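I opened this structure to see how its parts pack together. My notes follow in the order I looked things up.

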Amino acid sequence: MARKKSGYDAACYYAGKLVGRCTAADGEAYSALMEQCGGDAARVLREYTYFSPELKEILEKVAAIQANKSRAASPPGLFAEPKTSPWGKIQTCDVLCPGVFMVSTASHGGTMVAKEVSAFLSLAAQKCGFKQSGYLCYEEDSQESVVLRELLDKGLWKIPERIKDKAAFEENINQSLRRYNPAYWRARERGREAARPVVRQDAAHGEVR
């Protein structure tokens, strides 16, 4: 009896290793989606819905490999993702930088900053959050922009490539801060002003001081 063809005429690789066999169409989709999501398999699974069983299994395998690699490379304690949140059972968890997690639940979400990392935030930013289970927590709708602004200012996070108008995205963060966290915004602006070099022109002698 002749063997039935499997229809798998392509293969997917990650870091030089075979992670699964699939159709040519799935192989092309794997390459395209990984490229669009910066090579992050977990992000592909979050942002896209329809996969063949073979492609989903491949992506899940790559996501597991990447997660294990990230945990091994990160300082102990900082990459430990929260198990629970103030807003309920965690459904998704994005790592903005080691120790800073953007979580979502069935109804709400927010950003959770590990206590080891919260010391890097300004005092004004720390006052906007609340402490729970060893994390400094920020509400999704009103305080999350505080964390994003701090990480951007300190160069710890970059606006994702998928966001085309980065200037508009950053301005939305600033508008949210001015509206919901005016005390933090004023403190930030005072700090930025104090950090600028003071250049004064001496009117009488024309000297720069």
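**Helix packing**

I began with helix 6 and helix 7 (residues 166–180), which pack at an angle of about 125 degrees with their axes 9 Å apart. Angles of 65 to 115 degrees would count as roughly perpendicular and those over 145 as roughly antiparallel, so helix 6 is oblique to helix 7. I noted that the crossing of helix 6 past helix 7 is left-handed. On the helix 6 side, the contact is made by Ser-145, Val-146, Leu-148, Arg-149 and Leu-152. Helix 7 contributes Glu-170, Ile-173, Asn-174, Ser-176 and Leu-177. I kept in mind that this is a predicted model.

**Glu-150**

I stayed with helix 6, which covers residues 144–153 and holds Glu-150. Is Glu-150 buried or exposed? Its relative accessible area is 4%, under the 20% limit, so I put Glu-150 down as buried. Leaving out residues up to four places away in sequence, I found that Glu-150 touches Leu-121, Ser-122, Ala-125 and Tyr-184. With Tyr-184 there is also a polar contact, side chain to side chain, at 2.6 Å.

An open sheet is formed by 5 strands in the order 3-4-5-7-6, with antiparallel pairing. Strand 3 (92–97) and strand 6 (130–132) each have a single partner strand, so one side of each has no neighbour in the sheet. Neighbouring strands are turned by 30 degrees against each other on average, direction ignored.

Terms used
Residues are numbered from 1 along each chain as its sequence is written. This is a predicted model: local features need pLDDT of at least 70, side-chain atom pairs count only at pLDDT 80 or more; totals for chains, interfaces and linings use all residues. Side-chain values use heavy atoms; hydrogens and water are left out. Two strands pair if DSSP finds at least two bridges between them. Helices (H or I, at least four residues) and strands (E, at least two) are DSSP runs, numbered from the N terminus. Axes are lines fitted to C-alpha atoms, for helices over the stretch in contact, and angles run from 0 to 180 degrees between N-to-C directions. Buried means under 20% relative accessible area, exposed over 50%, partly exposed in between (1.4 Å probe, protein chains only). A polar contact is a pair of N or O atoms within 3.5 Å; within protein, one must be able to donate a hydrogen and the other to accept it, and residues adjacent in sequence count only if both atoms are side-chain atoms. Contact means heavy atoms within 4.5 Å. Angles under 35 degrees count as roughly parallel, over 145 as roughly antiparallel, 65 to 115 as roughly perpendicular and the rest as oblique. A crossing is left-handed if the near helix is turned anticlockwise from the far one by less than a right angle, and right-handed if clockwise.
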